[in-house]
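Visitor: Hi! I've got a protein to look at for class and I'd like to chat it through. Can you help me out?
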Amino acid sequence: MYVKNIKISINKDKRLWIVMGVALLVAIILIIYTVYKIHIENDLNSNIFNDKENIFNINSYKCEYDLTLKSNKNTNTYKILEYYDCNDSLNEKFRFEINNDFGDKIMYILSNNSLKITAKNQINEMILNEYTIKKNNLVSFSTFISLYNDIVENNDKCFLIQIEQIDNQLIYRITFNQFNEESDICKKYDFLSFNQINFSKIELIVNKNNNLPLQYTIYDKNEEMFLDIIYNNFKINTHFDEKLFAI
């Protein structure tokens, strides 16, 4: 009986060593995975700053895109040609040429605190002077640039930035958190996430090879697509004739 008890004790010790060995192996795997994940995230962050020189610091661009706008009852599509120029942060210039499904063509020009709206099919034109330009245009890619840079530079917690890489695409995702009255960034962009529509996030997909936007999507509070833009052509840091923004 005494010998048998010794054998049982030895078997228990072996099981203990096995359990400890497995636990140690799992710990090593977790450590390796964590280090690998940090390494990948650092690589992505490095790519982000490289991309920023091409995408998030641009002063001007010209792009053509198809826009899909969904509501509770309808889905509308538009073809848009957008010009943007910002050599001076106090004097941003916009030009939108919009064509809808019905063949209507509407043009918006914002420049030098003035707004010009022209509906060519209706031979209608409106000009507003001393117009305060605010970045509350969801359609314009310049809004995403401004929002992204403000979050990065101020490390603001109202918004969360996530970056994901899938094949040759980089996905920049900005998620809206709870409104903070003490945050200047929250106040500046309250029209995005804290109004009646209550958007939940914005996603920008960029071609990693040429650093140009492919798709720009805005989601509502139910994680449903509200606005979707597919870029057909995108040119950055383009020099424009001033006549494009003449009012």
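Visitor: Okay, let's begin with Asp167. Is Asp167 buried or exposed?
Guide: Exposed, because its relative accessible area is 67% and the cut-off for exposed is over 50%. Keep in mind that we're looking at a predicted model.
Visitor: Where does Asp167 lie?
Guide: In the loop between strand S7 (159-166) and strand S8 (169-176). Its phi is positive, about 55 degrees, although Asp167 is not a glycine.
Visitor: And what about Glu223, which loop is that one in?
Guide: Glu223 lies in the loop between strand S10 (212-219) and strand S11 (225-236). Glu223 also has a positive phi, about 65 degrees, and is not a glycine either. With 45% relative accessibility, Glu223 counts as partly exposed.
Visitor: Let's zoom out. How many helices and strands does the protein have?
Guide: Four helices and eleven strands. Of its 247 residues, 36% count as buried.
Visitor: How do S1 and S2 pair up?
Guide: They're antiparallel, with eleven bridges between S1 and strand S2 (residues 75-85). The two form a hairpin, with four residues between them. If you want a spot to look at, Glu64 stands opposite Leu81 in S2.
Visitor: What does S2 do with S3?
Guide: S2 and strand S3 (residues 93-100) run antiparallel too, joined by eight bridges. There you can find Tyr84 opposite Phe94 in S3.
Visitor: New topic: rings. How many aromatic pairs are there?
Guide: The count comes to 19 aromatic pairs. Take Tyr61 and Phe141: their ring centres are 5.8 Å apart and the planes sit at 75 degrees, so this pair is edge-to-face.
Visitor: Which parts of the chain does that pair link?
Guide: Distant ones: Tyr61 is in strand S1 (residues 60-70) and Phe141 is in helix H2 (residues 141-154), 80 residues apart.
Visitor: Why does Tyr61 count as buried?
Guide: Because its relative accessibility is 0%, and buried means under 20%. Phe141 is buried as well, at 0%.
Visitor: What lies over the face of Tyr219?
Guide: That's Lys201, at 4.8 Å from the ring centre.
Visitor: Back to H2. What joins the side chains of Ser142 and Ser140?
Guide: A polar contact of 2.5 Å. Ser142 is found in helix H2, and Ser142 is buried, with a relative accessible area of 3%.
Visitor: Now the nonpolar core. Which residues touch the most other members of the largest one?
Guide: Tyr65, Phe141, Phe144 and Phe159, out of 43 residues in that core. H2 gives the largest share of this core, six residues.
Visitor: What does Tyr65 touch?
Guide: Leaving out residues up to four places away in sequence, its contacts include Tyr78, Ile80, Phe96, Val139 and Tyr231.
Visitor: Which residues are in the other core?
Guide: Another core, of six residues, lies apart from the largest one, and among its members are Leu81, Met107, Phe240 and Phe245.
Visitor: Last one: what share of contacts join residues at least 24 apart?
Guide: That's 47% of the contacts between residues at least 6 apart in sequence.

Key:
Residues numbered from 1 in each chain as written. Predicted model: local features only at pLDDT ≥ 70, side-chain atom pairs only at ≥ 80, totals over all residues. Heavy atoms only, no water. Phe/Tyr/Trp six-rings, centres within 6.5 Å; stacked < 30°, edge-to-face > 60°. Buried < 20%, exposed > 50% of the residue type's maximum accessible area, 1.4 Å probe, protein only. Lys NZ or Arg CZ within 6 Å of the ring centre and 35° of its normal. Polar contact = N/O pair within 3.5 Å; in protein donor to acceptor, adjacent residues only side chain to side chain. Pairing = 2+ DSSP bridges. Core = buried A, V, L, I, M, F, W, Y, C linked by side-chain atoms within 4.5 Å. Contact = heavy atoms within 4.5 Å.
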